[in-house]
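This report describes one structure for a reader who has not seen it before.

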Amino acid sequence: MAEAVFFYIFSGIMLLAAGSVVTNRHPIYSVLSLLLAMFCLAVLFVMLGAYFVAALQILLYAGAVLVLFLFVMMLLNLQPEALARMRIFTLRAVGTFAALLLAWILVQIVRSVPWAAGGSGSAPGGTVEAVGRLLFTTYLLPFELTSFIILAAIIGAVTLAKQEPRK
Amino acid sequence: MITTTHYLIVSALLFSLGLVGILTRRNVLMILLSIELMFNAANLAFIAYARAWNDVGGQVIVFFVIVVAAAEVTVGLAIAVLLSRQLKTLNADEVSLLKW
C-alpha cells in the first residue's frame, strides 16, 4: 500500500519533470527539471532495492554530469529558444506523434509479459557489497576499461575545447 | 501491488519523452539533455529487470551506463562549446557544412 503510494507519487513527479525537460523554453529550467527527475528516479531505484546504484545516481549523474551541463550552459550564456511560427509546429507535431507511437508500441510489448508482483527476490541484493563483489569478480575487465573510457573522455574534451594562446 | 510491469511502463514513457526532446528541440545542448533522459529510462528498465530476475548484474550494468554517459556528456559538451565558438550558433539546423 505504501509502496504503491510512493511509486505513483514519485513516478508522476518524474514524468512531469521529464515533460518539462523537453518542452521548457529556458535551458536552465530544463536542466533543473532533469535534476528533479533524476532524484525521483533515485527514489524508484531505492524502492527496487538498488541502494548502491541510487546513491551513484545522485552522486555521479545528478551531482557531476548535470552540474557540468549547468556550467557549460552558463558559459555559453544560452538565451531562451525563440519560437518561430510555421515550421516549428509541424516539427513538433511529427516528433510528438512519432514518440507517442513508440510509447504505445513499448507499452504493448511490456504489458504482454505477465510478471509476478514485486519481483521474485525477497531480499533485494543491491547493497554495496553485492554489487562490489560482482564488479571485482565477473565484471572486472569492464570495470578496468571504464578507467580508460574516462581517460579518453578527459583527453578528448581538453583537446577539443582548449584555446590556442594568442601570440 | 506494484509489479515489474509498472516500472517498465514508466521506463517506456520516460524513453518516449526523451525521444520527443530529441526530435523537437533545435538547440544542441537540449538534444544532449534529452539523450540523458533516455539513458535514465534505460537504467530504470535495467534495475527493474535486475529485481525481477533476482540478478545483481543488472545493477552493475547501470553502473557502467552511468560512467559511459558521463564520458559521453563530457565529449559532447566539448563539441558543443567548439560549435558555439566556430559557427557562432547552437542551432542544430544551421550545422550543415557537410551537406552537399
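## Helix H2 of chain B

In this predicted model, H2(B) is made of 25 residues, and its first and last C-alpha atoms lie 37 Å apart, close to the 36 Å expected at 1.5 Å a residue. Most of H2(B) is covered, with 21 of its 25 residues buried. After H2(B) comes B:Asn54, which has a positive phi, near 55°.

## Overall make-up of chain A

Chain A contains six helices and zero strands. Read from the N terminus, its elements follow the order α-α-α-α-α-α.

Chain A has 167 residues, and 23% of them count as buried. Among the contacts in chain A with a separation of 6 or more, 56% are between residues 24 or more positions apart.

## Helix H1 of chain A

Helix H1 of chain A covers residues 2-23. Its 22 residues should span 32 Å at 1.5 Å a residue, and its end C-alpha atoms are 32 Å apart, so the two values agree.

Which residues of H1(A) are buried? They are A:Ser11, A:Met14, A:Ala17, A:Ala18, A:Val21 and A:Val22. These residues lie on the same side of H1(A), because they cover an arc of only 135° around the axis. On the face of H1(A) turned away from the buried side are the exposed residues A:Val5, A:Ile9 and A:Gly12.

The cover over the buried residues of H1(A) comes from both chains. It includes helix H2 (27-47) of chain A, and also helix H1 (4-24) and helix H2 (28-52) of chain B.

## Helices H2 and H3 of chain A

H2(A) and H3(A) have axes that come within 9 Å and cross at roughly 175°. The two helices are therefore roughly antiparallel to each other.

On the H2(A) side, the residues that make this contact include A:Pro27, A:Ile28, A:Val31, A:Leu34 and A:Leu35. On the H3(A) side, they include A:Tyr51, A:Val53, A:Ala54, A:Gln57 and A:Ile58. The contact of H2(A) with H3(A) has 21 nonpolar residues, one polar residue and no charged residues.

## Where the two chains meet

How many residues of chain B are in contact with chain A? There are 61, and they are in contact with 71 residues of chain A. The side of chain B that touches chain A draws at least two residues from each of H1, H2 and helix H3 (57-86) of chain B. H3(B) gives the most to this side, with 22 residues. By class, the side of chain B that touches chain A is made up of 43 nonpolar, 15 polar and three charged residues.

## Two helices of chain A against H3 of chain B

Helix H3 of chain A (residues 51-76) and H3(B) have axes that come within 10 Å and cross at roughly 5°. This angle is why H3(A) counts as roughly parallel to H3(B). Among the residues of H3(A) in this contact are A:Phe52, A:Val53, A:Leu56, A:Gln57 and A:Leu60. Those of H3(B) include B:Gln59, B:Val62, B:Phe63, B:Ile66 and B:Ala69. In the contact of H3(A) with H3(B) there are 20 nonpolar, four polar and no charged residues.

Helix H5 of chain A (residues 128-136) also packs with H3(B), at an angle of about 75° and with the axes 9 Å apart. H5(A) is therefore roughly perpendicular to H3(B). A:Val131, A:Leu134 and A:Leu135 of H5(A) meet B:Gly57, B:Gln59, B:Val60 and B:Phe63 of H3(B). The residues of this contact are five nonpolar, two polar and no charged.

## A residue of helix H6 of chain A

Helix H6 of chain A (residues 140-161) contains A:Ile150. A:Ile150 has 15 other C-beta atoms within 10 Å, so A:Ile150 is partly exposed; a residue counts as buried at 20 or more such atoms and as exposed at 12 or fewer.

Which residues does A:Ile150 touch, not counting residues up to four places away in sequence? They are B:Val67 and B:Ala71. A:Thr96 is 54 residues from A:Ile150 in sequence, and the C-alpha atoms of the two are 35 Å apart in space.

Note on methods: Residues are numbered from 1 along each chain as its sequence is written. Chains are lettered from A and ligands numbered from 1 in the order in which they are written. This is a predicted model: local features need pLDDT of at least 70, side-chain atom pairs count only at pLDDT 80 or more; totals for chains, interfaces and linings use all residues. Helices (H or I, at least four residues) and strands (E, at least two) are DSSP runs, numbered from the N terminus. The expected span of a helix is 1.5 Å times one less than its number of residues. The arc is that of the directions from the helix axis to the C-beta atoms. Two residues are in contact if their C-beta atoms, placed from the backbone, lie within 7 Å. Ala, Val, Leu, Ile, Met, Phe, Trp, Tyr, Cys and Pro count as nonpolar, Asp, Glu, Lys and Arg as charged, and the others, Gly among them, as polar. Axes are lines fitted to C-alpha atoms, for helices over the stretch in contact, and angles run from 0 to 180 degrees between N-to-C directions. Angles under 35 degrees count as roughly parallel, over 145 as roughly antiparallel, 65 to 115 as roughly perpendicular and the rest as oblique.
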